[in-house]
Amino acid sequence: PRVLREAAPAFVITMGERQPSVFDKVAEQVDTVIQGPFKRLGLYVGNNPWKTIGASVFCSVICMSGFSQFYTESRSDRLWIPQGTDAKDEETTYNSYFPRSG
């Protein structure tokens, strides 16, 4: 028997599916590379919440320990004139010629 075939259309318009471009492939690789470490971190945090909380508190305490080294400077000449510069030497000379009377 003879089978009749329809002629194939010269072009086919498809909606939805398209071939990924080079940029799509690069973007997918970048996403994969960036998502990997965050996925592992999320799984670790989810499986070990108390270790994560302890490590966060420990790091915070270490960072806060530097606050014990702070001091407040109230002398304006130490605040606004850099130490060991010509400006500091000139200030000393100026004060010797024009002493404060107050």
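**Close-up 1. Residue E91 lies in helix α4.** In this predicted model, helix α4 spans residues 86–97 and contains E91. The relative accessibility of E91 is 15%, so E91 is classed as buried, the cut-off for that class being under 20%. When residues up to four places away in sequence are set aside, the contacts of E91 are with D77 and I81.

**Close-up 2. Cysteines C59 and C63 are shown without a disulfide.** A disulfide is a covalent bond between the sulfur atoms of two cysteines. The count of disulfides in the predicted model is zero. For C59, the nearest cysteine sulfur belongs to C63 and is 6.6 Å away; because a disulfide requires two cysteine sulfur atoms within 2.5 Å, C59 takes part in none. Likewise, C63 is in no disulfide, and its nearest cysteine sulfur is that of C59. C59 has a relative accessibility of 45% and therefore counts as partly exposed. C63, at 63% relative accessibility, counts as exposed, a class that begins over 50%.

**Close-up 3. E73 and R75 form a salt bridge.** Side chains of opposite charge can pair when their charged atoms come close. One salt bridge is counted in the predicted model. In the pair formed by E73 and R75, the closest N and O atoms are 3.0 Å apart, and the criterion for a salt bridge is a separation within 4 Å. E73 has a relative accessible area of 21% and is partly exposed. R75 is also partly exposed, with a relative accessible area of 45%.

Note on methods
Residues are numbered from 1 along each chain as its sequence is written. This is a predicted model: local features need pLDDT of at least 70, side-chain atom pairs count only at pLDDT 80 or more; totals for chains, interfaces and linings use all residues. Side-chain values use heavy atoms; hydrogens and water are left out. Helices (H or I, at least four residues) and strands (E, at least two) are DSSP runs, numbered from the N terminus. Buried means under 20% relative accessible area, exposed over 50%, partly exposed in between (1.4 Å probe, protein chains only). Contact means heavy atoms within 4.5 Å. A salt bridge is a side-chain nitrogen of Lys or Arg within 4 Å of a carboxyl oxygen of Asp or Glu.
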